[in-house]
Amino acid sequence: MATPVLDSDLLTTLFDAAIQVSEEGELRNVLKSIVRSAMDVTGASYGALGVVGRDGYLVEFIHEGMDEETADRIGHQPVGIGVLGTITRTAATVRLDDIRDHPDSSGFPEHHPQMRSFLGVPVRTGDTVFGNLYLTEKPDGFTAEDERAMEALAMIGGFAVANARIHQRLRRAAVAEDRARIARDVHDDTIQDLFAIGLSLQALAESSRDADIASALRNEVRRIDSCITSLRHLILDLRQLEPSRLLAEEVHELVEELADAHGVNARVVVDGTYDGLPTGVAESVLHIVKEATSNALRHSGSQWVEVVLFGAEDSITISVSDAGKGFDPHGHYGGLGLVNLRARTRQAGGELEILTAPSRGTTLRAVIPIDLSLPSRDRES
Ligand SMILES: Nc1ncnc2c1ncn2[C@@H]1O[C@H](COP(=O)(O)OP(=O)(O)O)[C@@H](O)[C@H]1O
Ligand SMILES: [Mg+2]
């Protein structure tokens, strides 16, 4: 028997989703509507879509169906291990009547509602797997048709993500290139032209018999010279403003200054690309580095601190490590530092984790997405 075709309601849903993607709406909203469509079409109670970055960590996570309180009580997004990890790794659909039957099932975190029926599909374009779209809790279990509908929706999600990433890369490349091009043009053309004009005026002044004219011409030559000087400064600014250098330098300076004050050794490693970094992201990076480094210096008792920055095309990862005494990251302290860090990271749409154990040191790791189409991760809307 031929497999049943998708019904017309579903086709309408798919077309709507596809149109939204091609209209280049805000990525997060497009993905949200894909998750909602998937739930509507299949009758699932919960749905989510997780997008992983190049380093395998989730850079975007959208969930529907779970109330805010429950989500807050769980406290963190899925880390993408267990069955979710399997889907991303193998790029294969998983459909189960009870998720706990899957050999890779890693169980639910504390406060997480128990869920049984499960349908998860990879989100990809071509060979690139971005993440997964998954649904849970359909009363009578998911069907083969649900599976096909989900695969179609996941494909649309894949296009939306790929599309957003290409646009973002183009925008960033444009900013960095523009700056370099302007600097080059000013250097090669404008300054050379002015220099030549200055020389001609100088020659005219020398050969002029009228003293007033000669002095006026020399005046003009001086103005041209000062104009050339300020253009040279402009070129320096354009080149120095190159964000990669600026951010790396600022991070080095900041960490060294802090560490020196505490007589502790600091190591700073900056790797990756930072071209066309939005200023907001650079500010967040500096804020996180500063707070995490000063915590390590003030509280850990470690003899060294290491700050590593890695700039990928779509995110920046900051990690600050010490070999000190460690602490309970969920404890309640008087300070606002960690509270601010968490708020700041969340506001930037990022992820923050603190790996720490008594007398084994602490590593604070934050991932800040650089996606101009994703300004905020608003749980509320
Ligand atoms: N790297 C670290 N090593 C050991 N303890 C830390 C570290 N970072 C934070 N802490 C502990 O967490 C507490 C809260 O930090 P924070 O919110 O930044 O406030 P503050 O720095 O003002 O005390 C600190 O007082 C300290 O006890
Ligand atoms: Mg602090």
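Q: Which helices each supply at least two residues of the shell around ligand 1?
A: In this predicted model, the helices that do so are α8 (279–300) and α9 (337–347). The largest share of the shell, six residues, comes from α8.

Q: What makes Glu291 and Asn295 part of the surroundings of ligand 1?
A: A residue counts as near if one of its heavy atoms lies within 4 Å of the ligand. In total, 15 residues surround ligand 1, and Glu291 and Asn295 are among the closest, together with His299, Asp322 and Leu338.

Q: Why is the pair formed by Asp322 and ligand 1 called a polar contact?
A: The term requires a pair of N or O atoms within 3.5 Å. For Leu338, a backbone N or O atom lies 2.8 Å from an oxygen atom of ligand 1. The protein covers 83% of the 530 Å² of accessible area that ligand 1 has on its own.

Q: How do the residues of the shell around ligand 1 divide into nonpolar, polar and charged?
A: Five are nonpolar, seven are polar and three are charged.

Q: What makes β6 and β9 edge strands?
A: The five strands form an open sheet in the order β6-β7-β8-β10-β9, with mixed pairing. Both β6 (265–272) and β9 (351–357) pair on one side only. Neighbouring strands of this sheet are turned by 10 degrees against each other on average, direction ignored.

Q: Why are β7 and β8 said to pair?
A: Pairing requires at least two bridges between two strands. Strands β7 (residues 304–311) and β8 (residues 315–322) are joined in the antiparallel sense over seven bridges, and therefore meet the criterion. Within this arrangement, Glu306 stands opposite Ser321 in β8.

Q: Which strands does α8 lie across?
A: Helix α8 lies across β7, β8 and β10 (361–369), and runs at about 10 degrees to β8. This helix also supplies six residues of the shell around ligand 1.

Technical notes. Residues numbered from 1 in each chain as written. Chains lettered and ligands numbered in written order. Predicted model: local features only at pLDDT ≥ 70, side-chain atom pairs only at ≥ 80, totals over all residues. Heavy atoms only, no water. Polar contact = N/O pair within 3.5 Å; in protein donor to acceptor, adjacent residues only side chain to side chain. Areas by Shrake-Rupley, 256 points an atom, 1.4 Å probe, with all protein chains shown as cover. Helix = DSSP H or I, 4+ residues; strand = E, 2+ residues; numbered from the N terminus. Nonpolar A, V, L, I, M, F, W, Y, C, P; charged D, E, K, R; others polar. Axes fitted to C-alpha atoms, helices over the stretch in contact; angles between N-to-C directions. Contact = heavy atoms within 4.5 Å.
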